[in-house]
Structure formats: C-alpha cells, structure tokens
Amino acid sequence: MKYSILWADDEIDLLKPHILFLESKGYEVIPVLSGHDAIEKCKTNFFDVVFLDENMPGMSGLEALSAIKTQWPNLPVVMITKSEEEHIMEEAIGSKIADYLIKPINPNQVLSSLKKILDNKRLVSEKTTLSYQQDFRNLSLAYSDNLNHAEWADIYQKLVFWELEIDKSESKGMIEVFDNQKTEANSYFTRFIKENYEDWLNDPKSDKPLMSHQLIKKKVLPLLEPQIPVFFFLIDNLRLDQWKTIEPYVMELFNQEENTTYFSILPTTTAYARNAIFSGLLPAEIEKQYPQYWVGDDEEDGKNNHEGELLEAQLKRNKQDIKSSYTKILNQQAGKNFVEQLPNLMKNQLNAVVFNFVDMLSHARTDAAVIKELASDESAYRSITTSWFVHSAFYESLKWLAEKKVKVVITTDHGTIRVKRPVKIVGERDTNSNLRYKQGRNLAVEEKEVFMTRKPEKFFLPKKNVSTAFVFAYEDHFFAYPNNYNYFVNFYKDTFQHGGVSLEEIIIPFISAKSKKI
C-alpha cells in the first residue's frame, strides 16, 4: 500500500533529502510552504499523515494543527519544531497529535514516526501472531500435566491475555485457532474439577483454592482498620476478561494491593455463589443455620433478598463489631442515589455494594434481539461492559472515593460462558430452568456428557428429596429438553449462560486497592 504524506514547512527545499528518502521507501510526499497551503491541500486531497513545522510565518503550525483537527479530527498530524519549550509541546499534545519531533531531524527518525503511525496495527498483529504461536505449544503441553488449582488459574490468565491481544490486533485468522485451544483447555479443566471438587469441600488436607464462602473472611476482613473505610464492590457475573478491559480505568485512580483470582463454588449462579460470599457458608450450611434466608430453586421468591442479613451474621460470627452497610444497585436511579450517599457511608468501616448490570446484560442478551446483535461475541460483550463502566455510577463512585482515604475491593460471584452445544436432558415438572445446571429427581441425561453428583450433600448443596441429584454442564454445553428441541436450541445457542463448569465461570477476579491519599 502506498501512503500519501503532506509536509508543510516554509523551508521545504532544505528537506529535499528527507523527501527523496521517503519516496525511495515507497511513500508519496506532497510538499507545501505554509499552514494555510496545508489546509487547502487537505480540502482537495486525501492524506494518510500530515507533517507540520511549528514555526512558520503567517499561520503557525499550532494554528494549522487546530484548523486541521477541527475539520479532519482523525487525520494523524506530526508536529516538528526547533523549540523544546514545554508549553508548545503540551499544546500540541493536547490537540491530539500523533507524534512530536524536534529539529534537527534525520530521515530515519521520520521513517520511524511513519511506521509507528501507519504500520502500527500491522506490526503489532504480526508480533502478536508470532508470540502467540510460540506460546501455543507451551500452553497445550501444560494441559496434559497434573496441574493444581494455582497452575490452572495461571493458565486461564494467560489465555485471557492472548484473547485480548488477538482481539486488539488484526490477526483475525488466529481467533479460530485460539477458540479451539480454549475449548481444549476447558475440556481438561472439567476433568480437573471432577477429580478435585468434592475433596476441596470435604478433605481439610486437600490442596484447595480460595472459594466463594471463604472470600470475605480471608480477603476482606483482614483489610479492616480504624478510620479507613473498606468498600466491597461485587459486580455480578463479571468475567476475568471483562475485568481486564476496565482495569486500566480503575488503576489510574488507586494503588493496587492485590490482583488475583479465586474459584466460584458450584453451581456458578447468583443464588448459590453470591449467597455463599455474603454468608461465609456453603449453601447447605445456609439452609441449615438460616432457613429464613434460604430460598430454594423450586420457590418463586428472589434468591438473593437477604444478603445484607447474611453479611451481618457473618461479621458477628467473626467477632467484627463494626458499622457496615449493604447496597444493591439494579438501575440507574439506584446508582445515582448511591453516589449521593457516599459521604454518609464513609462513617462505616465496611460497605458492601452489589452492581447487577453485567448479569442483567447476559439475561437481556438471551431475551432481546437488539442485545444479541450488540453483544454478538466475546469481543462485543467486553465492549458493552466497558461502555457501561465508563458511564456508570460505579465508575463515578470510584472517582469520588479515590480522593478520600479508603480501601476498595472489586470482585464478582461467578463468570459466564457463551454456550454452543446442546445436551438433551429429561426431568420432572419441578426441575429448575437454568441451562447450565439442573437439580431434581429422575434426571435422565447421558452421564458422560455432564458432571453429576447423586449425593448433593458432598457438595454441601441442599436437596429436597433423598433422590435429588445435581448435574452440571461443562465446556460450552447447555441443557435442552427433547420436546420442542430445535426451537429451544436455536433460541439459546450463542447466548451467555452460567451455572456450570468452565474456566470462564469458575476462575474469577479479586482485586484490592487503596486510594493514593493513604
């Protein structure tokens, strides 16, 4: 591809060697003598880059820059100047220049600037492809090893890193390769969960990860100290890759203390995992100790209406006699109200806040055609999450808190996965409706296609009847009933679901940070 360069300098004749050099590299260079001429040329010609001398008679380079950016805001402009004065540099950078060069310049400097601007995406894509290809074999070989939970968390973080790198590059041909590798990783991860999950909950000596019911006791309570409030933000249904897209915004505001992952309990749903977080107990323990707060799958009431009470009970069990609050934010108005209440919440040592947007997004994507179009794949799903965040009460509250002496925790209760492959299942009328796990009597399913427990008590899960079983979908499978099978499959295929076993649902982010005022 031949790029066209406009170069404005009142001493353009002195730059002839530079122009000849660029032409020898395949660039077309159009020289002009003033900022005014540069603007006129832009009106009648297309240019890939404009070079502007800052110190030209008549219209200065900065004035020409302002005029060009007003009419052609996406046209890359490189400012060239003899002056190293800070205010000139700041004004140019503030006008969104693509690069800044100080005279005397040499041809290689100019060439380097052009490559950075014009070939950046191609060069990054080529480097990304090469680097991923080099790491591809290492990742694939790692799956076959006898990995522990920490090594699986590390592998998933590497996969998320490459997913985001490939997404940013133009290496779209690598997406299919990567998707196949992630599917393979999930297959091995399922085996790992099947072999170890029961031991994690029942064997005190087992090598186990941090899990939902241990999160507040082990990670949040140790952060408490007098005069420094802790804000515990839980973003329902936030995957690790979604967190990574909003992480830069958060880390501009706070000093990071810990950025890690933990494992969600099964089922990876709000009713089970989030209640476990706030109670500090596993589901069967909640049902036994606080039956008034537990709502089963067969009941119509909301499953998470008592998180505030469960949090208070957990604090009392851990002898934390502190002032605390619990807030659930389900809509924009509730978010605005929360931001207005922040000064009052500073009086508490612990403030727990649940934002439900991402969970609502995943359900809306299932039900609303327009959301399906907007969040057509993982990349679009991340993009919508980021867009929500930068315009959200969550981000607004973080910016307010960053100016105070506070600590913040950001985490989630489980992730989600885009489902593609149906698994037929038959159950009784009262079988729950979740697409990634089922619980009930007489569940008929091909057992090799699911993770099943006929003894829910081993997973610390409540059971209605002696014969109650739990089955969990894994990888990208989802449950479908044989009656009206084709309609059901077509409606739910490629939707984001949770409740089962996958890297995306189980290995989830935990971040703690403190304001820069501390």
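This is a predicted model: local features need pLDDT of at least 70, side-chain atom pairs count only at pLDDT 80 or more; totals for chains, interfaces and linings use all residues.
## Aromatic pairs

Let's start with the rings. The structure contains 44 aromatic pairs. One of them joins Tyr197 and Phe459, whose ring centres are 5.0 Å apart with 75° between the planes, an edge-to-face arrangement. Tyr197 belongs to helix H8 (residues 173-202), while Phe459 sits in the loop between strand E15 (451-453) and strand E16 (469-472), so this pair links parts that lie 262 residues apart in sequence. Tyr197 counts as buried because its relative accessibility is 2%, under the 20% cut-off. Phe459 is buried too, at 3%.

Phe459 also pairs with Phe472: here the centres are 6.4 Å apart and the planes meet at 25°, so the two rings are stacked. With Phe459 in the loop between E15 and E16 and Phe472 in strand E16, this pair ties together parts 13 residues apart in sequence. Phe472 is buried, with a relative accessible area of 0%. Phe459 therefore takes part in an edge-to-face pair with Tyr197 and a stacked pair with Phe472.

## Charges over rings

Two lysines are worth a look alongside the aromatic pairs. Lys399 lies over the face of Tyr395, 4.4 Å from the ring centre. Lys404 places its charged end over the ring of Trp400, at 4.0 Å from the centre of that ring.

## Helices H7 and H8

The crossing of H7 with H8 is left-handed.

Which residues bring these helices into contact? From H7 come His149, Trp152, Leu159, Trp162, Glu163 and Ile166. On the H8 side, the residues they meet include Met174, Ile175, Phe178, Gln181 and Lys182. Further along H8, Ala185, Tyr188, Phe189, Phe192 and Trp200 also belong to this contact.

## Glu378

Is Glu378 buried or exposed? Glu378, which lies in helix H17 (residues 378-390), is buried, with a relative accessible area of 14%.

Leaving aside residues up to four places away in sequence, Glu378 touches Glu163, Arg239, Arg418 and Phe496.

Notes: Residues are numbered from 1 along each chain as its sequence is written. Side-chain values use heavy atoms; hydrogens and water are left out. Rings of Phe, Tyr and Trp (its six-membered ring) pair if their centres lie within 6.5 Å; planes under 30 degrees apart count as stacked, over 60 as edge-to-face and the rest as tilted. Helices (H or I, at least four residues) and strands (E, at least two) are DSSP runs, numbered from the N terminus. Buried means under 20% relative accessible area, exposed over 50%, partly exposed in between (1.4 Å probe, protein chains only). A charge sits over a ring if NZ of Lys or CZ of Arg is within 6 Å of the ring centre and within 35 degrees of the ring normal. A crossing is left-handed if the near helix is turned anticlockwise from the far one by less than a right angle, and right-handed if clockwise. Contact means heavy atoms within 4.5 Å.
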